[in-house]
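Trainee: I am new to this structure and would like to go through it with you. Could you show it to me, please?

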Amino acid sequence: MPGPALQTDVLVLARRPPAESFQLLTVFCATHGAFTVLQRVPKKSSSTHLALDLFDEAILTLESSAAGGPWFVREARLLARPSGIGRDYDTLRRASALATLVARNPVGAESRPRVAGLLREAFRAFAADVPPALVYFKSLWRFARDEGHPLREQWLFSLPVTSRGEAERLLRTPLAGLAATQDSTIADGLVQRLEAYLRSHTELVLD
């Protein structure tokens, strides 16, 4: 008797080296959150095989041999591949940090559609040559805020007045309206402050 089956739109958060004949992937979807899937590695190269990569968005058809067992990729159809993320180290580092954040922290069912949207927007911005510190700062803020942490009430008001004004301006200004060099430097400093706050005041796992 066939096991359970599932078709869902996912974003790839982690990709580990193949073990035996399977590639192990951590994916995120708006319905089920983060979970692990296994994709078979073909013995011979095949033009019909889609090898999923980090940050891909794809529609997967999954199957399992038993309820509660591992999910295996039966079919994969690529929706988006933000290959521009790999153009430089800092962009890759920031995008990977966001993916790791989502992969390692449980997301409640009511928040999963918002997080899927956040990942989609962030990966697109990282790939489009937007300064990575700006994308990561705004994404980290949104993720932690939407998970219920009082960033505006506590973190912002713990900042010096000048830094608080800079943070509020970056948060309310769309990415397209920010200055690449100056605002990226400001965002770098704010990221360090925000990560330090989250490590000491929340249970979020950042790395």
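Trainee: What kind of model is it, and how are residues numbered?

Mentor: This is a predicted model, in which local features need pLDDT of at least 70, side-chain atom pairs count only at pLDDT 80 or more, and totals for chains, interfaces and linings use all residues. Residues are numbered from 1 along each chain as its sequence is written, and side-chain values use heavy atoms, with hydrogens and water left out.

Trainee: Let us start with α6. How many residues does α6 have, and how far does it reach?

Mentor: Helix α6 covers residues 180-201, which is 22 residues. From its first C-alpha to its last it reaches 30 Å, close to the 32 Å expected at 1.5 Å a residue. The expected span is 1.5 Å times one less than the number of residues. Helices (H or I, at least four residues) and strands (E, at least two) are DSSP runs, numbered from the N terminus.

Trainee: Which residues of α6 are buried?

Mentor: The buried residues of α6 include Ile186, Leu190, Leu194 and Leu198, and also Asp183 and Glu195. Buried means under 20% relative accessible area, exposed over 50%, and partly exposed in between, with a 1.4 Å probe and protein chains only.

Trainee: And what do they pack against?

Mentor: The buried residues of α6 pack against α1 (89-104), α3 (132-146), α4 (151-158) and α5 (161-172).

Trainee: How many residues are in the largest nonpolar core?

Mentor: The largest nonpolar core has 46 residues, and Leu119, Phe123, Phe126, Phe137, Trp155 and Leu198 have the most contacts inside it. The elements giving two or more residues to this core are β1 (5-15), α1, α2 (112-127), α3, α4, α5 and α6. The largest share, nine residues, comes from α3. Apart from this core lies another, of 14 residues, among them Val12, Leu25, Phe35 and Leu50. A nonpolar core here is a set of buried Ala, Val, Leu, Ile, Met, Phe, Trp, Tyr and Cys residues joined through side-chain atoms within 4.5 Å.

Trainee: Take Phe126, then. What is Phe126 in contact with?

Mentor: Leaving aside neighbours within four places in sequence, Phe126 is in contact with residues including Ile85, Thr91, Leu98, Pro132 and Tyr136. Contact means heavy atoms within 4.5 Å.

Trainee: How many aromatic pairs are there?

Mentor: A search of the whole structure finds four aromatic pairs, and Phe137, Trp141 and Trp155 form one aromatic cluster. Rings of Phe, Tyr and Trp (its six-membered ring) pair if their centres lie within 6.5 Å; planes under 30 degrees apart count as stacked, over 60 as edge-to-face and the rest as tilted.

Trainee: A change of topic: where is Asp56? Is it buried or exposed?

Mentor: Asp56 is in the loop between β3 (33-40) and β4 (57-63). Asp56 counts as buried because its relative accessibility is 0%. Its side chain reaches the backbone nitrogen of Asp53 at 2.8 Å. Among the residues in contact with Asp56, leaving aside neighbours within four places in sequence, are Val10, Val12, Leu78 and Pro82.

Trainee: What about Gln23: where is it found?

Mentor: Gln23 is found in strand β2 (residues 22-29). At 5% relative accessibility, Gln23 counts as buried. Not counting residues up to four places away in sequence, Gln23 touches several residues, including Arg15, Pro17, Val37 and Val41. The C-alpha atoms of Gln23 and Pro42 are separated by 10 Å, and these residues are 19 apart along the chain.

Trainee: How many salt bridges are there?

Mentor: The count comes to 13 salt bridges, where a salt bridge is a side-chain nitrogen of Lys or Arg within 4 Å of a carboxyl oxygen of Asp or Glu. In one of them, Glu63 pairs with Arg74, the closest N and O atoms being 3.4 Å apart. Glu63 lies in strand β4 and Arg74 in strand β5 (residues 71-80), so the pair ties together parts eleven residues apart in sequence.

Trainee: Which helices hold Arg142 and Glu121?

Mentor: Arg142 forms a salt bridge with Glu121, the closest N and O atoms being 3.0 Å apart. This pair links distant parts of the chain, with Arg142 in helix α3 and Glu121 in helix α2, 21 residues apart. Salt bridges that share partners also join Asp90, Arg93, Arg94 and Asp188 into one network.

Technical notes. A polar contact is a pair of N or O atoms within 3.5 Å; within protein, one must be able to donate a hydrogen and the other to accept it, and residues adjacent in sequence count only if both atoms are side-chain atoms.
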